[in-house]
Amino acid sequence: MSDGHQGSCLCGAVRFRTHGALRGVVYCHCSQCRKQSGHFYAATNVANADIVIEGKENITWYEAYAFARRGFCKACGSVMFWEPRHQDYISVMAGSFDKPTGLEGECHIFVGDKGDYYSIDDGLPQFEKSTPSIPVAE
């Protein structure tokens, strides 16, 4: 997917515009993602050079580990970003994009850590931890 997209947090204090390719949506079921969002993460990636973020002063970054940090709106609490260190991309929560997104699911990661209150039955590939193409903190 290579069209431009835009989105925001719930209150609009943080807005973004992307251009260039977006990765398919990866659903992360790790305990950190579940605890931060209340469910699992659904995120795509965009190259750092292909995103413009307005309202950066309204983003609070939480460093859960040295590998990456999580960004959310300090005004409304919307979870928005997952940014790995020393990489050239940022993950953007799929629900932050304005419609139409054109996004499609790609796979589920950390299914071995998923919540016990739901099942995964959409037919997408599932991985106990992650895949070689998706670097994550362990």
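The residues that line the second largest pocket divide into five nonpolar, one polar and three charged, where Ala, Val, Leu, Ile, Met, Phe, Trp, Tyr, Cys and Pro count as nonpolar, Asp, Glu, Lys and Arg as charged, and the others, Gly among them, as polar. The structure is a predicted model, in which local features need pLDDT of at least 70 and side-chain atom pairs count only at pLDDT 80 or more, whereas totals for chains, interfaces and linings use all residues. Residues are numbered from 1 along each chain as its sequence is written, and side-chain values use heavy atoms, with hydrogens and water left out.

Rolling a probe the size of a water molecule over the atoms shows where empty space is left. A pocket is here an open set of points on a 1 Å grid over the protein atoms alone where a 1.4 Å probe fits, with protein on both sides within 12 Å along at least five of seven lines; lining residues have an atom within 4 Å of a point. The second largest pocket has a volume of about 150 Å³, a volume being the space filled by probe spheres set on the points, with grid points joined across faces, edges and corners. Its lining consists of Asn48, Ile51, Ile53, Lys56, Ile59, Trp61, Arg69, Glu83 and Ile90. Two or more of these residues come from each of β5 (51-54) and β6 (59-65); strands (E, at least two residues) and helices (H or I, at least four) are DSSP runs, numbered from the N terminus.

Two of the lining residues, Trp61 and Arg69, also meet through a charge and a ring: Arg69 lies over the face of Trp61, at 3.9 Å from the ring centre. Such a contact requires NZ of Lys or CZ of Arg within 6 Å of the ring centre and within 35 degrees of the ring normal.

Aromatic pairs were assigned to rings of Phe, Tyr and Trp (its six-membered ring) with centres within 6.5 Å; planes under 30 degrees apart count as stacked, over 60 as edge-to-face and the rest as tilted. The count by this rule is seven aromatic pairs. In one of them, the rings of Phe40 and Tyr118 have centres 5.5 Å apart and planes at 45°, so the pair is tilted. This pair links distant parts of the chain, with Phe40 in the loop between α1 (31-37) and β4 (41-47) and Tyr118 in the segment after β10 (105-109), 78 residues apart. Phe40 is partly exposed at 23% relative accessibility, whereas Tyr118 is buried at 13%; buried means under 20% relative accessible area, exposed over 50% and partly exposed in between (1.4 Å probe, protein chains only). The rings of Tyr117 and Tyr118 form an edge-to-face pair, because their centres are 4.9 Å apart and their planes lie at 65°. The charged end of Lys114 also sits over the ring of Tyr118, 4.4 Å from its centre.

With a disulfide taken as a pair of cysteine sulfur atoms within 2.5 Å, the count is zero disulfides. For Cys73, the closest cysteine sulfur is that of Cys76, and the separation of 3.7 Å is too far for a bond. Cys73 is buried, with a relative accessible area of 1%. Cys107 is likewise in no disulfide, the nearest cysteine sulfur being that of Cys28, 9.7 Å away; at 4% relative accessibility, Cys107 counts as buried.

Separation along the chain was also set beside separation in space. Ala94, in the loop between β9 (89-93) and β10, is buried with a relative accessible area of 15%. Its C-alpha is 4.8 Å from that of Ala43, although the two residues are 51 residues apart in sequence. Thr44, in strand β4, is buried with a relative accessible area of 0%. Thr44 and Ser78 are 34 residues apart in sequence and 16 Å apart in space, C-alpha to C-alpha.

Most residues other than glycine have a negative phi, and most peptide bonds are trans. The peptide bond from Lys99 to Pro100, however, is cis, with omega near -5°, and Pro100 lies in the loop between β9 and β10. His86, not a glycine, has a positive phi of about 60°. His86 is placed in the loop between β8 (79-84) and β9 and is exposed at 79% relative accessibility. Phe110, also not a glycine, has a positive phi of about 55°; Phe110 is found in the segment after β10 and is buried at 11% relative accessibility.
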